[in-house]
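Here is a brief report on a predicted model. It covers salt bridges, the nonpolar core and a surface patch.

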Amino acid sequence: MMNTYNFDTALIRLKEITESLESGETDLEMSMKLYEEGVHLVAFCNKALENAKQRVVELSQLAGGEENE
């Protein structure tokens, strides 16, 4: 499932899931499935952001910049 997502599509899907859950129109079973998918997407996005941050740090160091956190 996660292989079909990139960061942008994962965020779009998270928004859809949030809207669906907030609408209150899904039954408990579907809500749980959506919640589980959302948890996986959040983890995917967090990992992508952490990887991007690490890459920026590495590129900054290569360019002679300093890491500012």
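## Salt bridges

Glu 29 and Lys 33 pair through their side chains in a salt bridge, at 3.5 Å from N to O. Both residues sit in helix α2, four residues apart, about one turn of the helix. Glu 29 is exposed, with 55% relative accessible area. The salt bridges number four.

Shared partners link Arg 13, Glu 16 and Glu 37 into one network of salt bridges. In the pair of Glu 16 and Arg 13, the closest N and O atoms are 3.2 Å apart. These two residues lie three apart in helix α1, about one turn of the helix. Glu 16 is partly exposed, at 40% relative accessible area. Arg 13 also meets Glu 37 in a salt bridge, 2.9 Å from N to O. Arg 13 belongs to helix α1 and Glu 37 to helix α2, so this pair ties together parts 24 residues apart in sequence. Glu 37 counts as buried because its relative accessibility is 13%, under the 20% cut-off.

## Nonpolar core

The largest nonpolar core has seven residues: Tyr 5, Ala 10, Leu 14, Ile 17, Leu 34, Leu 41 and Cys 45. Helices α1 (7-23) and α2 (28-62) each give two or more residues to this core.

Leu 34 touches Arg 13, Ile 17, Ser 20, Leu 21 and Thr 26, leaving aside residues up to four places away in sequence.

## Surface patch

Leu 21, Tyr 35 and Val 39 form a nonpolar patch on the surface. Together they have about 270 Å² of accessible area. Val 39 is in helix α2. Val 39 is partly exposed, at 42% relative accessibility.

Definitions and conventions:
Residues numbered from 1 in each chain as written. Predicted model: local features only at pLDDT ≥ 70, side-chain atom pairs only at ≥ 80, totals over all residues. Heavy atoms only, no water. Core = buried A, V, L, I, M, F, W, Y, C linked by side-chain atoms within 4.5 Å. Buried < 20%, exposed > 50% of the residue type's maximum accessible area, 1.4 Å probe, protein only. Contact = heavy atoms within 4.5 Å. Patch = residues over 30% accessible without salt bridge, like charges linked within 9 Å, V, L, I, M, F, W, Y side chains within 5 Å. Areas by Shrake-Rupley, 256 points an atom, 1.4 Å probe, with all protein chains shown as cover.
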